[in-house]
Structures are given as C-alpha cells and as structure tokens.
Amino acid sequence: MVQIEEEALEDMVVNVVQDITIPEMQNAAAKGVDDAIINGLSMDSSGISDAAGSYGTTDPRTAWGGLRYHAITASNNQFNMEGAGLSVAGIAGAAGLLAGGSDNETFFDPPNNRLIVPLDVYLDLLTMSNVLQAEQIGSQAAATINSGQLASVLGIPIIQSQLVRKTLATGVTDSNSANNTFSNAVLFNRNAFILGIKRDVTVKSRENIETDRRHVVLTFRATFASRYAAGTASAALVRNIV
C-alpha cells in the first residue's frame, strides 16, 4: 500500500498516481513474483525454510516452493562445481540430472529447458566458445535479442537474473549474509511448472478524509507449482560456483 498526500497530488504537474506510483507498484509486484519463482521457500543452512527466519510474513518468497526449492528439497538435484567457474561440463552435468532418475519421462529437453544465472556467471559465459550469441543464430532471433547477448549453451536458452542469490558452497543460505559468497545457476524444464493466475493485477484507491491522504493498493493472486509429484527431476541447481 502507498499513501499519497492529496496536496501533493494537487501540486504535481503529471498524474503521479497513473504515471509514477502504479507503474512502480507493478514493477515491484513483478519482481516479487520472479523472486518467489526462483527462491520461494528455499532452505537455509539449518535445514529449514529461509522463510521461517530471514523473510517477513508478507515477503513474496513465502508464497510457494520455487525452482531452488524443487531442486534442493524436492529432488536433491544438485551439481557441485567444486569452487570453479561455471563450465559446459557443469551445465551438462546438471542437464544429466534432468535426464536421469526413475521418472517416466526425461526433463532434459533443450528447447524447453532454461538456465537462469546471476550477472557474474553470465559474464563468465561470454568467454565460452560453446555459448551461442544472438548474431550467430540468425536475424530473426537477433530482432528480439540484443546483438552480443547470450542466446544459448548446449541448445539451452540463458536467462540472466540478479534474483539468483549467492549462498554457501552447499547451495543453501546462511543467516550471516557475509558467508554467502558462492554463485549458483538454476536449470529447469519450463513445461514442468505452471504459474496460475487467480486474480490479475488490480489497483484500488480510496481517500482518507481524516488524514487528507489517498491510499493506493495493488493486489495480485497467483500460485506456482510443479505439474509432477514431489521428487521429480524437473529442476537442478548448479552450486559452489566462483
């Protein structure tokens, strides 16, 4: 919720609610959903959910189990880089985890797999000859991907996101953030998960005549879940990356 002085609204040259407040609230909500999809209910070093300690009760990461949760908790699907930089071998190892196990189907399917990496890992990938860049895969792709931006590795599209947090070498977080120094990458099959929208983004406002303020509230209801039983190897965490 955002509170805005009515006098401030009257003095503004632009429509501050429509042009500034609501877009910023929408961006914050979108980031919260992305954060929950990646980090929702992830585990900390004590073996309990991050949400039980470091998150507040209204933090979006408490909404559901995200990709890291499914990789660590649901299926224990982890590939250890042993303190090295992310390599093609490491990505292939994580891909092998999606292809392994006793599932009825393999979740290694490059066109439908996605590799999410933080910025430092993304920059390291720029030096790998196995990584295709936009201009190498044709003008059609280059029309939607900036020239020079990474496109794929082993046929798997790459997504850069700073929401992939640093952790301990074990892939879980420590309550002391200074100890979380290792990077991670998340590999998953997009067809194995579903984001269900219960209520689309809705903005409502009301005036408080006692305080002469406008209250603006944005709501959004959704759920994120695996389409398969717990333990299914549909996501993998590449951890202990430096």
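Let me start with a pairing: β3 and strand β6, residues 156-160, run parallel to each other and are joined over three bridges. Strands here are DSSP runs of E with at least two residues, and helices are runs of H or I with at least four, numbered from the N terminus. Two strands pair if DSSP finds at least two bridges between them.

A word on the source. The model is predicted, so local features need pLDDT of at least 70 and side-chain atom pairs count only at pLDDT 80 or more, while totals for chains, interfaces and linings use all residues. Residues are numbered from 1 along each chain as its sequence is written, and side-chain values use heavy atoms, with hydrogens and water left out.

Back to β3. Within the pairing with β6, valine 117 has glutamine 160 as its bridge partner. β3 also pairs with strand β7, residues 183-189, this time antiparallel, through four bridges. There, arginine 114 stands opposite phenylalanine 188.

Is β3 covered or open? Strand β3, residues 113-117, is mostly covered, with five of its five residues buried. Buried means under 20% relative accessible area, exposed means over 50%, and partly exposed is in between, using a 1.4 Å probe and protein chains only. Asn113, Leu115 and Val117 point one way from the strand, Arg114 and Ile116 the other.

How many aromatic pairs does the structure hold? There are four. Rings of Phe, Tyr and Trp (its six-membered ring) pair if their centres lie within 6.5 Å; planes under 30 degrees apart are stacked, over 60 edge-to-face, and the rest tilted.

One of the pairs is phenylalanine 188 with phenylalanine 193, edge-to-face, at 6.3 Å centre to centre and 70 degrees between the planes. Phenylalanine 193 also pairs with phenylalanine 224, stacked, at 5.5 Å and 5 degrees. Phenylalanine 193 lies in strand β8 (residues 193-208) and phenylalanine 224 in strand β9 (residues 213-226), so this pair ties together parts that are 31 residues apart in sequence.

Phenylalanine 193 is buried because its value is 8%, and phenylalanine 224 because its value is 9%. Together with Trp64, Phe188, Phe193 and Phe224 form one aromatic cluster.

Last, a residue elsewhere: leucine 126 sits in the loop between α5 (119-125) and β4 (131-133). Leucine 126 counts as partly exposed because its relative accessibility is 36%.
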